[in-house]
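Subject: Structure handover

Hi,

Here is the structure I promised to pass on. Please open it first, then read my notes alongside.

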Amino acid sequence: MPQLVEIGRLAVQPQPDTLHVPEMEKGVGCDFSSYLLVPDTSLDERIRAALDRLGSSVVLLGHHYQRDEVIKFARFTGDSLKLAQQAASTDAKYIVFCGVHFMAESADVLRQPHQVVILPDLNAGCSMADMADIGQVETCWAELEALGKLDVVPVTYMNSTAAIKAFTGEHGGSIVTSSNAGRVMSWAFTRGERVLFLPDEHLGRNTAFRMGIALDEMAVWDPDQELGGNTEEALRRAKVILWKGYCSVHQRFLPEHVDRVRAEHPGMRVIVHPECRFEVAQKADAIGSTEGIITTVVNSPEGTAWAVGTEIHLVNRLAKTLPRHTVVSLDPHVCVCSTMFRITPQHLLWVLENLLEGNVVNPIRVPDGQRHWARLALDRMLQLK
Ligand code: SF4
């Protein structure tokens, strides 16, 4: 067990509910640029040394899509909700989230009062989360309300900003993950006649279709057009209104990729993430969240061959850990989450060595008002489990 050492102001335990970020925790500290010069050969050693010295005051989280050089240091690995919950269940004061911005925000919403969440690179965003701007969503809501008595319930994917989660909580809706989207959407239909699904068009469509909702009962809301590019009649007919957003990684998988795998590798099974296009999901043998993909592939008989439609780091790790299976990417061209890839061992070392010096760099703070409503939206989902 690494020894916990006193590390300046980090040893001071703030009172729950009164935690504030001291001046030195507002992103000052050593300049990151000097870390670009750290030789690769000493990075691992310094990261391990820093983690040892920080001990249980820090919990390091690694999302499934994170690069190997970073995720190997994680105490917990998993999807964003699981990681946020695991971090909140520890006593660690500092949660270093090696994921993307919305994941760190979610961890901040679920954290204990004394905890602080850190994102090693603030540029690690998410293309999908960024496609639903709060101003656009409020305009959409106002336009739907102006139509009168549409009775819409917002249902929002975990991969969204805290502002959109808060909007969802405030307007009676719930968060979903890729593994419980059907259950939550069913719940939403007990509270209203229509669902506004944010921000992933594909997850919304794949989920609604599997619930028996026909494609012509779904409308796509394009935030750049009046009424989302729909007629009033189409919106009144729609049971599900799908926000026009997507994941730049999963949208790259095409039906032709499934056809090619079937032609070139007879017997190979295809499993894809529900953020993939409807046409891809329809052709696949199975659909699964990141955790669902892992469970399905790991539990398949030895010798099973899989083409997997999700982020390449997860696919490669599955292939490495299951040498008696065949695991390949569904796309012959690498599908990498380029924003998560921004988090490098250098960024990790930078935040850890700053913690040793008493500096918290890149803290992620969801404003209190937003946190309340975002938490409510998350709790609605968690109560359905
Ligand atoms: S894989 Fe897609 S949804 Fe996930 S973090 Fe990257 S861009 Fe966002």
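Predicted model: local features only at pLDDT ≥ 70, side-chain atom pairs only at ≥ 80, totals over all residues.

**The whole chain**

The chain has 16 helices and 14 strands. Along the principal axes, the C-alpha atoms fill a box of roughly 65 × 50 × 35 Å. Of the 385 residues, 57% count as buried. Residues 24 or more positions apart account for 68% of them.

**The ligand**

Where does the ligand sit? It is in the largest pocket. Around the ligand are Tyr 65, Val 100, Cys 126, Ser 127, Asn 159, Cys 247, Val 249, Glu 275 and Cys 337. This shell divides into six nonpolar residues, two polar and one charged.

**A covered helix**

Look at helix H4, residues 101-110. It is mostly covered, with nine of its 10 residues buried. Among the buried ones are Phe 102, Met 103, Val 109 and Leu 110. Glu 105 and Asp 108 are on the buried list too.

Most residues other than glycine have a negative phi, and most peptide bonds are trans.

- The peptide bond from Leu 198 to Pro 199 is cis, with omega near -20°. Pro 199 lies in the loop between strand E7 (194-198) and helix H9 (201-210).
- Asp 151 is not a glycine, yet its phi is positive, near 55°. Its loop runs between helix H6 (134-146) and strand E5 (152-157). Asp 151 counts as partly exposed, at 41% relative accessibility.
- Leu 227, which we placed above, also has a positive phi, about 50°, without being a glycine. Is Leu 227 buried or exposed? It has a relative accessible area of 17%, and buried means under 20%, so Leu 227 is buried.

**Single residues to look up**

Pro 223 lies in the loop between E8 and H10. At 23% relative accessibility, Pro 223 counts as partly exposed. Which residues does Pro 223 contact, leaving aside its neighbours within four places in sequence? They are Gln 136, Trp 243 and Lys 244. Pro 223 and Pro 113 are 110 residues apart along the chain, and their C-alpha atoms are separated by 36 Å.

Glu 291 is in helix H13, residues 290-298. Its relative accessible area is 21%, and Glu 291 is partly exposed. Setting aside neighbours within four places in sequence, Glu 291 is in contact with His 64, Gly 78, Asp 79 and Lys 82. From Glu 291 to Ile 312 is 21 residues along the chain, with 15 Å between the C-alpha atoms.

Arg 75 is in the loop between helix H2 (68-71) and strand E2 (76-78). It counts as partly exposed, at 42% relative accessibility. Not counting residues up to four places away in sequence, Arg 75 touches Gly 55, Ser 56, Val 58, Val 59, Leu 60 and Thr 90. The C-alpha atoms of Arg 75 and Gly 303 are separated by 31 Å, and the two residues are 228 apart along the chain.

Asn 362 counts as buried, at 11% relative accessibility. How many residues apart in sequence are Asn 362 and Leu 119? They are 243 residues apart in sequence, but 5.7 Å apart in space, C-alpha to C-alpha.

Best wishes

Technical notes. Residues numbered from 1 in each chain as written. Heavy atoms only, no water. Near = heavy atom within 4 Å. 1 Å grid on protein atoms, 1.4 Å probe; cavity = no way out; pocket = protein on both sides within 12 Å on 5 of 7 lines; lining within 4 Å. Sits in = over half its atoms within 2 Å of the grid points. Nonpolar A, V, L, I, M, F, W, Y, C, P; charged D, E, K, R; others polar. Helix = DSSP H or I, 4+ residues; strand = E, 2+ residues; numbered from the N terminus. Buried < 20%, exposed > 50% of the residue type's maximum accessible area, 1.4 Å probe, protein only. Contact = heavy atoms within 4.5 Å.
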